[in-house]
There are 2 protein chains.
Amino acid sequence: MSGHLDLIDLKIIESLGENGRVRLSELAEVVGLSIPSVSERMDKLQKNGIIKHFTTEVDERQLGFDIQAFVRVGVDSSKHYKSFLEHVMKEDEIMECFSVTGEGSHIMRVMTHNTASLEKFLSRIQSWPGVMSTNTSFVLSQLKKTRKIASDVVRANLQDRQVLLTYDEKKSRR
Amino acid sequence: MSGHLDLIDLKIIESLGENGRVRLSELAEVVGLSIPSVSERMDKLQKNGIIKHFTTEVDERQLGFDIQAFVRVGVDSSKHYKSFLEHVMKEDEIMECFSVTGEGSHIMRVMTHNTASLEKFLSRIQSWPGVMSTNTSFVLSQLKKTRKIASDVVRANLQDRQVLLTYDEKKSRR
DNA sequence: CCTGAAATCATTCTGGA
DNA sequence: TCCAGAATGATTTCAGG
C-alpha cells in the first residue's frame, strides 16, 4: 500500500482542496519545506491515488443547466446490471451515480436544461431493461458544499489504522 | 449580466474541468489563442462567477473515510430553518446539503469514519430542533462521476438564451 | 530533503486589427 | 473590443549532494 502519510501531506492535500491551482512556492511556504520536496510529495500522492484529479468547479446555471435533481432508481441488478451501467455511462445528464442501500438500488445526480429535457430523460431511463422504479427530487438550492477534509479528523482516522505518523514521531524514530 | 460566452470559453472551461492545473501555454495551444488572451479569458470567467473554484479530488477512503451515505432529512423549516443551517455548516461530516422536493426537505451527503461515528452523527442531527425524520442510505460504490460539461449540450442550452455566439458568427458580424 | 542553476511559465505593457 | 508580441519577473524542474 501507499506507504505513510504525515501531517505535511495532509496540509498539502488540504491546501490543494482549497485552491487546486495553488503554486508550489506557496505550498512550500505553508508546509515549511522546499519547493522540490513539495513537488515530489505531490507526485507521490498522485501516484498513490490519494490525489485523484485536479478540477474546476463551474456555475452550471450560467451554462444553461437550470435543473438539478436526485433520481432514485430501482434496478433489478442481478440480470441487468451490465446494461444499466452502460446506459448510465452514456447519459450526459447523469453527473454521478451511486449504488446504495435502502429503497431503490441507485441514486443519480442529474443535471439538465429544463423540465422538458428532464421529462425526456426520465422516460428514457424508465425504458431501460431492469429499471423498475424511479423517484425524482428536484434540487431547489444547495445549502452547503465543502471540500474541507478536516485534518484533525483525518489524523484521528489514520492513527486508528496506524497509517499516519506525525512529523515529530518520524523524526524521533531515526 | 456576464456578457457573452463563445466556443473558446467553453473549450477553456472543458479543459479546466479535465485538468484544473493545466498550464496556460497548453490551454493556449488547445484553443488556438495566445497565452495572454487565454489568461484574460480565465480572469473574466472567474470574475463572472462561471469558474467558481479550482480544487482537487482525493480518495477519501485512503484518508480513512470508509462510510459515505445520503441522509434525507425532514425539517420543519418554517420555524427552525436558521438553526438547521447553522448546524449543517458546523458538522464536518456533512459534505453537501441540498434543499429538495419530495419526502423530506433536505438531502445531505455525509462522509465519516465508521458505523460508530455515523451512528453518533445521526443521533446528533435527530436532536436538532425541527428535525422530524431521517432516512439513511449507505453508499456501496460510486459507478460514475463526471465533470464533463458536454459542450454541445451547453452550446444548445446557451443558444436558446442567445448568450452564446460561435466564433465564426462573431467574426462575420464585424 | 536541500541548494542553485537552467528552463519554463505567467504577467504586464504596448501596439495593431 | 479583442488579440499578439516582447520584456520582465516568477515559478518549476533538474542536477548534485
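Modeller: First, the residue classes: Ala, Val, Leu, Ile, Met, Phe, Trp, Tyr, Cys and Pro count as nonpolar, Asp, Glu, Lys and Arg as charged, and the others, Gly among them, as polar. This is a predicted model: local features need pLDDT of at least 70, side-chain atom pairs pLDDT 80 or more, while totals for chains, interfaces and linings use all residues. Residues are numbered from 1 along each chain as written, chains are lettered from A and ligands numbered from 1 in written order, and side-chain values use heavy atoms, without hydrogens or water.

Colleague: Let's start with DNA strand D: how many charged residues does the surface near it have?

Modeller: A residue is near a strand if one of its heavy atoms lies within 4 Å of it. Around DNA strand D there are 13 such residues, of which Leu24(A), Ser25(A), Ser34(B), Ser37(B) and Arg41(B) come nearest. By class, the surface near DNA strand D divides into 5 nonpolar and 4 polar residues, and the charged ones number 4.

Colleague: Which element gives the most to the surface near DNA strand D?

Modeller: Elements here are DSSP runs numbered from the N terminus, helices being H or I of at least four residues and strands E of at least two. Both chains take part near DNA strand D: α2 (24-31) and α3 of chain A, together with α3 of chain B, each supply at least two residues. The one that gives the most, with 4 residues, is α3(B).

Colleague: And which side chain has an N or O atom 3.0 Å from a phosphate oxygen of DNA strand D?

Modeller: A polar contact is a pair of N or O atoms within 3.5 Å; within protein, one must be able to donate a hydrogen and the other to accept it, and sequence neighbours count only if both atoms are side-chain atoms. The side chain of Arg23(B) has an N or O atom 3.5 Å from a sugar or linking oxygen of DNA strand D. For a side chain at 3.0 Å from a phosphate oxygen, the residue is Ser37(B).

Colleague: What share of the atoms of DNA strand C within 4 Å of the protein belongs to sugar or phosphate?

Modeller: For DNA strand D, sugar or phosphate accounts for 81% of the atoms within 4 Å of the protein, the rest being in bases. Bases also make up the rest for DNA strand C, where the sugar or phosphate share is 85%.

Colleague: How many residues of the surface near DNA strand C are charged?

Modeller: From chain A, the residues around DNA strand C are Arg23(A), Leu33(A), Ser34(A), Pro36(A), Ser37(A) and Arg41(A). Sorted by class, the surface has 5 nonpolar and 4 polar residues, and its charged residues number 3.

Colleague: At what distance does a polar side-chain atom of Arg41(A) lie from a phosphate oxygen of DNA strand C?

Modeller: Chain B meets phosphate oxygens of DNA strand C through polar backbone atoms, with Leu24(B) at 3.1 Å and Ser25(B) at 3.2 Å. The elements giving two or more residues to this surface are α3 (35-47) of chain A together with α2 (24-31) and α3 of chain B. The polar side-chain atom of Arg41(A) lies at 2.5 Å.

Colleague: How many nonpolar residues does the contact of α1(B) with α3(B) have?

Modeller: Contact means heavy atoms within 4.5 Å. Ile8(B), Asp9(B), Ile12(B), Ile13(B) and Leu16(B) in α1(B) meet Val38(B), Arg41(B), Met42(B) and Leu45(B) in α3(B). By class, this contact has no polar residues and 2 charged ones, and its nonpolar residues number 7.
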